[in-house]
Amino acid sequence: MRLALLLITRGIRRARLRLALFSGWVWVAAASLVGFEVLEILLGALLAAPEVLPLVLLALAAVWYFRRALVRLWRRLSSRERSR
C-alpha cells in the first residue's frame, strides 16, 4: 500500500514538472517562431480577447515543433543521400 502511494506521488510530481517545463517551452517556442517583437505586438492585440491567448500560444508552439521536426527529417534524409 505504501509503495503504491509513493509511486502515485512520484508520478504526480513528474507530471507537474513536465507541465511546468512545457508551459515555459510554449513561450520560448512562440517567441522563437515569430520573434520577440512580433510576440509583443501579438500579446498586445490579444488584450481585447485574452481568452484566446492560450490557443494562440499553443498553435505557435505546435508550428514550431512541427517545423523543428521537418528540419530534423530534412537533415537526416540529406545526410543519408551524402553517405551513398
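Of the 84 residues in the protein chain, 14% are buried (under 20% relative accessible area, with exposed over 50% and partly exposed in between; 1.4 Å probe, protein chains only). This is a predicted model, in which local features need pLDDT of at least 70, side-chain atom pairs count only at pLDDT 80 or more, and totals for chains, interfaces and linings use all residues. Residues are numbered from 1 along each chain as its sequence is written, and side-chain values use heavy atoms, without hydrogens and water.

**Fold and surface**
- The protein chain has three helices and zero strands (DSSP runs of H or I, at least four residues, and of E, at least two, numbered from the N terminus).
- Read from the N terminus, the order is α-α-α.

**Helix H3**
- H3 covers residues 53–83 and includes arginine 75.
- The end C-alpha atoms of H3 are 45 Å apart, which agrees with the 45 Å that its 31 residues should span at 1.5 Å a residue (1.5 Å times one less than the number of residues).
- Val56, Leu57, Leu60, Ala61, Trp64 and Ser78 are buried in H3.

**Surface patches**
- Arg68, Arg72, Arg75, Arg76 and Arg80 form a positive patch on the surface (residues with over 30% relative accessible area and no salt bridge; like charges joined within 9 Å, nonpolar side chains within 5 Å; a salt bridge puts a side-chain nitrogen of Lys or Arg within 4 Å of a carboxyl oxygen of Asp or Glu).
- Arginine 75 counts as exposed because its relative accessibility is 58%.
- Phe66, Leu70, Leu73 and Leu77 make up a nonpolar surface patch, together with about 380 Å² of accessible area.
- Leucine 77, also in H3, has 43% relative accessibility and therefore counts as partly exposed.

Conventions:
Accessible areas come from the Shrake-Rupley method with a 1.4 Å probe; for residues, only the protein chains shown count as cover. Lys and Arg count as positive and Asp and Glu as negative; His and the chain ends are not counted. The place of a charge is taken as NZ of Lys, CZ of Arg, CG of Asp or CD of Glu.
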